[in-house]
Amino acid sequence: ARRPGRPPPFAPHPERSRGILMSNLSRRPSGTKEFISDHKMETFIIVLAVAAGIIGILGSVLPGLAGPPISWLGLLILYLWGSGTNGSGEPVSLTLLLVLLGIVVVVGIVNYLVPGYFTKMTGGSKYAGWGAVIGLFVGLVYPPVGMIAGSLIGAFVAEFFFAKKGAADSVKAALGAFFGFLFSTGINLILSGVIFYYIIVYLK
């Protein structure tokens, strides 16, 4: 007969069973936590890259934001994280990153030169350029009509009152400044859109 208090034959020892159970419990949550942590980090990287792409597109239209460089940073984030791949399973390449960076630099230089060129071509001064930018800021209250009208009116007023030009010359300068703004905005928007396209492609 089995003595009271003794475990039945072939029964696992209580201390050994408790040790196995605690060992399993200590291992499982650790792996789960690591998986959840990696998943959250990957989601954060994706959100950050997409946000940079969207802000870059908005920055191509809104003054005060460098559109293409911000969009390029979104692609750089995917490259540094190393998890982004396209439909063929290929990650973001360094070649693509550097080529786009070169284009961003060239477009930045063009943005600096072109507005002034258009303004001078129509006989305007630096006041027309500054007036167009200030008018654009004021017109943000009623986009996009307010931005267009504000840019034109701002350039005209600045040229008329500060450069002491006549009405006809001020109108020409305002149009030159406005067309310079349109050209600059257009190339920024196209480049930011292309970079954002690559960001979406490499999220797969």
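The following legends describe close-up views of a predicted model. Local features are reported only at pLDDT of at least 70 and side-chain atom pairs only at pLDDT 80 or more, whereas totals for chains, interfaces and linings use all residues. Residues are numbered from 1 along each chain as its sequence is written, and side-chain values use heavy atoms, with hydrogens and water left out.

**View 1. The salt bridge between Glu-159 and Lys-165.** A search of the whole structure finds 1 salt bridge, defined as a side-chain nitrogen of Lys or Arg within 4 Å of a carboxyl oxygen of Asp or Glu. The side chains of Glu-159 and Lys-165 form this bridge, with 3.0 Å from N to O. Glu-159 is buried, at a relative accessible area of 0%, while Lys-165 is partly exposed, at 26%. Buried denotes under 20% relative accessible area, exposed over 50%, and partly exposed the range in between (1.4 Å probe, protein chains only).

**View 2. Lys-164 in the loop between helices H5 and H6.** Lys-164 lies in the loop between helix H5 (145–161) and H6; helices are DSSP runs (H or I) of at least four residues, numbered from the N terminus. Phi of Lys-164 is near 60 degrees, a positive value in a residue other than glycine. Most residues other than glycine have a negative phi. Lys-164 is exposed, with a relative accessible area of 68%.

**View 3. Aromatic pairs that involve Phe-178.** The structure holds 8 aromatic pairs. Rings of Phe, Tyr and Trp (its six-membered ring) pair if their centres lie within 6.5 Å; planes under 30 degrees apart are stacked, over 60 edge-to-face, and the rest tilted. The rings of Phe-178 and Phe-179 are a tilted pair, with centres 6.1 Å apart and planes at 50 degrees. Phe-178 is buried, at 9% relative accessible area, and Phe-179 is partly exposed, at 44%. Phe-178 also forms a tilted pair with Phe-181, at 6.5 Å centre to centre and 35 degrees between the planes. Both Phe-178 and Phe-181 lie in helix H6 (residues 167–201), 3 residues apart, about one turn of the helix.

**View 4. The largest nonpolar core.** A nonpolar core is a set of buried Ala, Val, Leu, Ile, Met, Phe, Trp, Tyr and Cys residues joined through side-chain atoms within 4.5 Å. The largest has 16 residues, of which Trp-72, Leu-75, Leu-78, Leu-100, Ile-195, Ile-199 and Tyr-202 touch the most other members. Helix H1 (14–59), helix H2 (67–81), helix H3 (94–121) and H6 each give two or more residues to this core, and H3 gives the most, with 5 residues. Leaving aside neighbours within four places in sequence, Leu-100 is in contact (heavy atoms within 4.5 Å) with Trp-72, Leu-75, Ile-195 and Tyr-198. Apart from this core lies another, of 6 residues, among them Ala-128, Ala-155, Ala-173 and Ala-177.

**View 5. Asn-188 and its surroundings.** Asn-188 is found in helix H6 and is buried, at 10% relative accessibility. The side chain of Asn-188 makes a polar contact with that of Asn-111, at 2.7 Å. A polar contact is a pair of N or O atoms within 3.5 Å; within protein, one must be able to donate a hydrogen and the other to accept it, and residues adjacent in sequence count only if both atoms are side-chain atoms. Not counting residues up to four places away in sequence, Asn-188 touches Ser-60, Pro-68, Val-107 and Asn-111.
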